[in-house]
Amino acid sequence: MNTRHLIKPIMPALQIKVKLTFVFLSIVFISFTNSTAVLSQEYFKEDSLQSVYNSSRDAQVKVNALIEMSRLYELSDIKKSLHYATQALDEALKTDNYLIKAHAYSNLGVSFMVLGSYDKATELFLEAKTLIEENDDFKRLVGVVLNVGAVRFMLEDMEGALKEFNEALDLNNRLMAQGDSVYMEQIQIFYINIGSVYMQNENYQAAIEYMNKALDASLLNKDVVQLAKATNNLGEIYLKLKDYKNARKFILEGIKYRREINDLIGIARSNVNLVDYYIAINQLDSAAIINDDAIEIGQELSALEILKDSYEQKAKIYELLNDFALANHALKDYYLIKDSIQNESVIEKTTRLQMEYEYNKLEEVRKQEHFQFQIKVYSTIALLLLLLVIFILLFYLWRSKARREFVENENLKKDLEIKNKELTTNVMYLLKKNELITNVSNRLLKIKSKLKVEEKDAIQRIIFDLQAGADSEVWEEFELRFQQVHTGFYKSLQQHAPDLTPSELKICAFLKLNMNSKEISALIHQSIKSVEVKRSKIRKKLGLTNTDTNLVTFLNEL
């Protein structure tokens, strides 16, 4: 498959790039021929970037540093490049930023594309594409789609490549409609890629249409690199169509542009096309001269593909000149170069398989670690949910218990209020009863003065019996009812003041029922002043003297 027509897409926002076969060879050679300078620069930059990576806590800075390190070695040490690109993806996956993830996926895809692992590159580019599509980021989607199309092209899936390239062009048109012309300076890239697919499919009229569009856009944007590609591709198309006039015109224009940018590989490739042109029009002397130029450049750059094609052309030229000895010699060189390419291909394939294996092992470890991490996360979530459920259950149990206790306390309060009212009512009844007995006793005392001596003694005994019996009955009944309602009151009171007398305890009970001194004096047959004196003694014994604490309040809290 001829891949020299296709060019790399440029993605400014993510700096996504593609290295195709013809580009890859030229850069490898330059890196190789300047290995000392390149390596020293790489190590210097790597050390600097490693320092940035180690010192930064910003995820994007760390990922960018790793990506830059992977690019340093993309063409000189692909194993090292893959190591940093993989590490960049691992760091990116720890974030929630889709741009960082997409950048890392695309960069790793480029590394695998350089390696020749197109299936793996496709998988990674599609991951980046999915992330960007989910976020409706059309601007960044363009570059990723171009990358996917380039991989499809390398896999000889021309239908898939054309679909991706057209999708990229449609996305660019949508951006243009929104007033975003970010890709217009690179639109020639879109046209050359689409034209390259049509060239592979031998749809030359469509290929010419898109290459001419690329030519016009390159001139408008003053892009000499793409001018060289578009003109060279047009020359090759016209050569296949046997339109030798246009073929010569565009091939020579391509050589002119490539000389402007000193693209030696490109010049050699154009020379190969020019040789085909001279052979086609039977100008074999001119073909031989240009062929020698192509071989010289190929040898200078160690460009095996150029040398292979050139020696094959050389053999054909000498065969047409009937110089079969030189033709055979050229064929021997051709097969030697072809074998070298095949050997390199085997080595590259072995290296690629080994590196894919190592990456897949690392990927499996990463997936296992991610799986273990997910298990921990889910376990933690499950535990937290369980604890939450337990907490909710405990909360509802506590709330239910608190509500029940509240209801019980309210009921107890109500019962206590009812019993207090009953007790107070009973005491008031007893008080009235006692007053009645007192009145009866007083009336008997009045009658007593008018009676005989023996009758006075009888009346006096009746009075004593009435008063003694009333006090005893009142207090016994009061004691019984009071202790039923206020269980533990006397015990708590005696803990505060063990030296309280029975009469003082009785007054404390009356006070707890919110009875005043007058009511108490009537019950215990003492004056109000006596009751007040007793209250003062009770305060003293309870340690309330010289305090603002109210005696009744204190007793109610017991």
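Reply: The turns below take up the terms one by one.

Reply: This is a predicted model, in which local features need pLDDT of at least 70, side-chain atom pairs count only at pLDDT 80 or more, and totals for chains, interfaces and linings use all residues. Residues are numbered from 1 along each chain as its sequence is written, and side-chain values use heavy atoms, with hydrogens and water left out.

Me: What makes the span of helix 4 close to the expected one?

Reply: Helices here are DSSP runs of H or I with at least four residues, strands are runs of E with at least two, and both are numbered from the N terminus. The expected span of a helix is 1.5 Å times one less than its number of residues. Helix 4, residues 78-92, has 15 residues and reaches 21 Å from first to last C-alpha, close to the 21 Å expected.

Me: Which residues of helix 4 are buried?

Reply: Buried means under 20% relative accessible area, exposed means over 50%, and partly exposed lies in between, with a 1.4 Å probe and protein chains only. The buried residues of helix 4 include I78, L82, Y84, L89 and E91.

Me: Why is the pair of F395 and W398 called tilted?

Reply: Rings of Phe, Tyr and Trp (its six-membered ring) pair if their centres lie within 6.5 Å; planes under 30 degrees apart count as stacked, over 60 as edge-to-face and the rest as tilted. A search of the whole structure finds 11 aromatic pairs. For F395 and W398 the centres are 6.0 Å apart and the planes stand at 35 degrees, so the pair is tilted. Ring pairs also link F391, F395, Y396 and W398 into a cluster.

Me: Where do F395 and W398 lie, and what does the record list for residues 377-398?

Reply: Both F395 and W398 lie in helix 16 (residues 324-448), 3 residues apart, about one turn of the helix. An α-helix has 3.6 residues a turn, so residues three or four places apart point the same way. In an unreviewed entry, UniProt lists residues 377-398 as "transmembrane region"; UniProt positions are given in the numbering used here, feature names are shortened, and annotations may be inferred rather than shown by experiment. In the model, residues 377-398 are 100% helix and 0% strand, with end C-alpha atoms 30 Å apart.

Me: Why is F395 called partly exposed, and why does W398 count as exposed?

Reply: F395 has a relative accessible area of 34%, so F395 is partly exposed. W398 has 54% relative accessibility and therefore counts as exposed.

Me: How do you know that K62 lies over the face of Y53?

Reply: A charge sits over a ring if NZ of Lys or CZ of Arg is within 6 Å of the ring centre and within 35 degrees of the ring normal. K62 lies over the face of Y53 at 4.1 Å from the ring centre, and K213 lies over the face of Y210 at 4.7 Å.

Me: Why does A206 count as buried, and why does N550 count as partly exposed?

Reply: A206, found in helix 10, has 13% relative accessibility and therefore counts as buried. The C-alpha atoms of A206 and G195, 11 residues apart along the chain, are separated by 6.9 Å. N550, in the loop between helix 21 (528-541) and helix 22 (551-556), has 42% relative accessibility and so counts as partly exposed.
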